[in-house]
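Me: Got this one open and want to talk it through. Can you walk me through it while I look?
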Number of protein chains: 4
Amino acid sequence: MPRVLASRAVVAVHIGVIGEGRCSRRVAARAERVGAAIAAAGAVLVCGGLGGVMAAASRGAARAGGVVVGLLPGVDRSEANRWVTIPIATGMDQARNVIVVRSSDAVIAIGGMYGTLSEIALALKLGIPVVGLRTWTLRQPERRRVPLLVAATPEAAAACALRAAGTRRRARSWLA
Amino acid sequence: MPRVLASRAVVAVHIGVIGEGRCSRRVAARAERVGAAIAAAGAVLVCGGLGGVMAAASRGAARAGGVVVGLLPGVDRSEANRWVTIPIATGMDQARNVIVVRSSDAVIAIGGMYGTLSEIALALKLGIPVVGLRTWTLRQPERRRVPLLVAATPEAAAACALRAAGTRRRARSWLA
Amino acid sequence: MPRVLASRAVVAVHIGVIGEGRCSRRVAARAERVGAAIAAAGAVLVCGGLGGVMAAASRGAARAGGVVVGLLPGVDRSEANRWVTIPIATGMDQARNVIVVRSSDAVIAIGGMYGTLSEIALALKLGIPVVGLRTWTLRQPERRRVPLLVAATPEAAAACALRAAGTRRRARSWLA
Amino acid sequence: MPRVLASRAVVAVHIGVIGEGRCSRRVAARAERVGAAIAAAGAVLVCGGLGGVMAAASRGAARAGGVVVGLLPGVDRSEANRWVTIPIATGMDQARNVIVVRSSDAVIAIGGMYGTLSEIALALKLGIPVVGLRTWTLRQPERRRVPLLVAATPEAAAACALRAAGTRRRARSWLA
């Protein structure tokens, strides 16, 4: 990791994974494959650090040798699932969802309960690319197009998010 | 107001109004009527304190003699629209959306861009009733029912939110 | 209150009162007099909404007919002390201290445990005037002067805070 | 790092370093030695991610092969100093100070302006050990003892913080 630090240009890409804290085995299996693909690409996985989709994605990334940042809603770092490398206790309840999104170059939404929906919405609000894997379908009241990318498989979701993250980074470095 | 303080039992109901920071005249007219109906019922209007739907609802409430709490994303209280009675500078950017929802007994979503969607999702997550007035249509991936109440007119939205707020309060005081 | 809204120029001054959640009767008596003096001057009292110094100041202000904003650390508005007019549930634990300070034109620190010290420090950091009433004594390592105003009585503390708030507001409106 | 994940019992200790965003060379040299000592002990350095003391400590840790978490106040991860391994954009302004403290097993305060003082206070409030290296001198109004540990050299500060972090962890695992 220190070698990476030699130049800011190669600082790691961060991919957020958002999804419910309890999930079926089928959804967990998908999340684990997403995590593995993120780690295989050398990106850091950012998530909410708890169970369900978060734990499955963390496990996939950790087993593939990746770094997992867990941004916890509570005040105790020991609440993180055991595959989190860097547990951060925000003590800010649902407001930590904003930090998960802010600290990602792109996010992947898997399945979906309301917390996931709030993170999809925050990412759209902040202009951070969102890839959905069997997640919410949204229809805007004035029928404007919602830029939610849709992927059919975990690997396609990871590839799509990594590509979108790269495009966004290049656009920002042009602007800067 | 001080007379209200004599007993906690009669502390004011808070109704949140969520909606985009820029909106058409038609949407603003609806928001203003919602604000007026909230104030006429003696409830406090809680909102994000900025323009568009927030300003229109604030104006409606203020003109009807109501109290308007504006929870601002920025650090400067003077950014509040001029109808806000109590401007609160959170300095927490989008994380203030969580506070808007948390501090309401029920919320009314009007029109809708992404910030509004995030607040709808947070309210659903936190079990706070949401009434939609020409807002997002949401379909959960596993097709579970989303408890988003739908109103046809501003006055119906306010009445529905006030009723849901009352029901929720009574349920909570039974539990307590 | 609605009449105030006719012009932004006369929007109410906010004075924060910071102090421990449990306190002796002597400290509570001082806090109550501070709250009464703030309300008598027509200013809004902003505090953390809980017990001890916060409750005593709230009581003083409410009995004098003032408005009391309580920015709570937890998620439940019913945790506010009974003299709070506008309870706001931030759900952000100690991070709500930042909002208390940000939303005040000047703050008064009474007595002092660690939470109070954090709020004194945040106010100094953000350039918001702080008046101390039997509170912490601070010595900066390089012995720079710390601009902590010291008052001998509750009424002097309120007067000093109101004066500092006015000076700060005028300075800011000149800049704008 | 993945090998560490095999058991939660050996998850890395987090040591926070808090200090001003601009500092003299002398203070920077101390901070760099603190960072190096933290990394040499295999602990993760947690800081605010910006310049001054934060950058110097980050540099010391990164050069010694350590991991540096930077919890930024702003919304842009590229604001992190170049020695931060894991930049987190909280977008929460000074409220990020709470997260720095919450996510550390012990903190070291170096030099000191007001932001540092707020972090010292928050750590004391939350029961997280604080080691001071030429930092604030605090006197509580009722003259209770303030449990601020004092170190004479950077290496002593790191050793003291690591020891306090270990003691706290053992105490907590006994309680759990």
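Me: Which strands does helix 4 of chain B lie across?

Reply: In this predicted model, helix 4 (residues 114–126) of chain B lies across strand 1, strand 5, strand 6 and strand 8 of chain B. Helix 4 runs at about 145° to strand 1 of chain B.

Me: What span should helix 4 of chain B have?

Reply: At 1.5 Å a residue, its 13 residues should span 18 Å, and the end C-alpha atoms of helix 4 of chain B are 18 Å apart, which agrees.

Me: What follows helix 4 of chain B?

Reply: B:Gly127 follows helix 4 of chain B, and its phi is positive, near 75°.

Me: OK, on to the sheet. What's the strand order in chain B?

Reply: Chain B has an open sheet of seven strands in the order 4-3-2-1-5-6-8, with parallel pairing. Strand 4 (86–89) and strand 8 (148–150) of chain B each have a single partner strand, so they stand at the edges with one side lacking a neighbour in the sheet. From one strand to the next, the twist averages 25°.

Me: How many bridges join strand 3 to strand 4 of chain B?

Reply: Four bridges join strand 3 (residues 68–72) to strand 4 of chain B, and the two run parallel.

Me: Which strands does helix 1 of chain B lie across?

Reply: Helix 1 (residues 25–40) of chain B lies across strand 1 (14–19), strand 2 (44–47), strand 5 (106–110) and strand 6 (130–133) of chain B. Helix 1 runs at about 160° to strand 5 of chain B.

Me: Switching to chain A. How many helices and strands are there?

Reply: Chain A has five helices and eight strands. Starting at the N terminus, the elements of chain A go β-α-β-α-β-β-α-β-α-β-β-β-α.

Me: How does the radius of gyration of chain A sit against the globule rule?

Reply: The radius of gyration of chain A is 15 Å, close to the 16 Å that the globule rule gives for 176 residues, so chain A is as compact as a globular protein of that length. The C-alpha trace of chain A spans about 50 × 40 × 30 Å along its principal axes.

Me: And what share of chain A counts as buried?

Reply: 63% of the 176 residues of chain A count as buried.

Methods: Residues numbered from 1 in each chain as written. Chains lettered and ligands numbered in written order. Predicted model: local features only at pLDDT ≥ 70, side-chain atom pairs only at ≥ 80, totals over all residues. Heavy atoms only, no water. Pairing = 2+ DSSP bridges. Axes fitted to C-alpha atoms, helices over the stretch in contact; angles between N-to-C directions. Contact = heavy atoms within 4.5 Å. Rg over C-alpha atoms; globule rule 2.2 N^0.38 Å. Buried < 20%, exposed > 50% of the residue type's maximum accessible area, 1.4 Å probe, protein only. Expected span 1.5 Å × (residues − 1).
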